[in-house]
Amino acid sequence: MSSKKKNTKPEFLFGKKNYLFMIIGIAVIALGFILMAGGGSDNPNVFNEEIYNWRRIRLAPTLVIIGLGIEIYAILLNPNK
């Protein structure tokens, strides 16, 4: 009698592409939040126009939304294809 071992190795839920896209998405989201940071004033009576610059109003939120889209794509990507 020969005894065969069954393959008990658990399968990963996602493939390598999924994890790669997840890491890229996290990096893009982190970059967006870093670009949003800072620019305030220590004195509440002083208006700082830097709060409303292009980087904080347009670029940073766009990067966060793109990063979320990449994350959704990474989750929906079929690893078997």
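Among contacts (heavy atoms within 4.5 Å) in the protein chain between residues at least 6 apart in sequence, 70% join residues at least 24 apart. The model is a predicted one, in which local features need pLDDT of at least 70 and side-chain atom pairs count only at pLDDT 80 or more, while totals for chains, interfaces and linings use all residues. Residues are numbered from 1 along each chain as its sequence is written, and side-chain values use heavy atoms, with hydrogens and water left out.

The protein chain holds 2 helices and 0 strands. Of the 81 residues of the chain, 23% count as buried. Buried here means under 20% relative accessible area, exposed means over 50%, and partly exposed lies in between, using a 1.4 Å probe and protein chains only.

Helix α1 covers residues 16-36 and helix α2 covers residues 54-76; their axes come within 8 Å and cross at roughly 165°. That angle makes α1 roughly antiparallel to α2. Axes are lines fitted to C-alpha atoms, for helices over the stretch in contact, and angles run from 0 to 180 degrees between N-to-C directions. Angles under 35 degrees count as roughly parallel, over 145 as roughly antiparallel, 65 to 115 as roughly perpendicular and the rest as oblique.

Gly67 is found in helix α2 and is buried, with a relative accessible area of 0%. Not counting residues up to four places away in sequence, Gly67 touches Gly25, Val28 and Ile29. The C-alpha atoms of Gly67 and Ala30 are separated by 8.6 Å, although these residues are 37 apart along the chain. Thr62, also in helix α2, counts as partly exposed at 42% relative accessibility. From C-alpha to C-alpha, Thr62 and Gly32 are 7.7 Å apart in space and 30 residues apart in sequence.

The side chain of Thr62 reaches the backbone oxygen of Arg58 at 2.5 Å. Arg56, placed in helix α2, counts as buried at 10% relative accessibility, and its side chain reaches the backbone oxygen of Met36 at 3.3 Å.

Asn18 belongs to helix α1 and counts as buried at 1% relative accessibility. A polar atom of the Asn18 side chain lies 2.9 Å from the backbone oxygen of Leu77. Leu77 itself sits in the segment after α2 and is buried, with a relative accessible area of 19%. Leaving aside residues up to four places away in sequence, Leu77 touches Lys17, Asn18 and Phe21. The C-alpha atoms of Leu77 and Phe21, 56 residues apart along the chain, are separated by 9.4 Å.

Finally, the loop between α1 and α2 includes Ile51, which is partly exposed, with a relative accessible area of 35%. Ile51 and Gly38 are 13 residues apart along the chain, and their C-alpha atoms are separated by 8.2 Å.

Key: Helices (H or I, at least four residues) and strands (E, at least two) are DSSP runs, numbered from the N terminus. A polar contact is a pair of N or O atoms within 3.5 Å; within protein, one must be able to donate a hydrogen and the other to accept it, and residues adjacent in sequence count only if both atoms are side-chain atoms.
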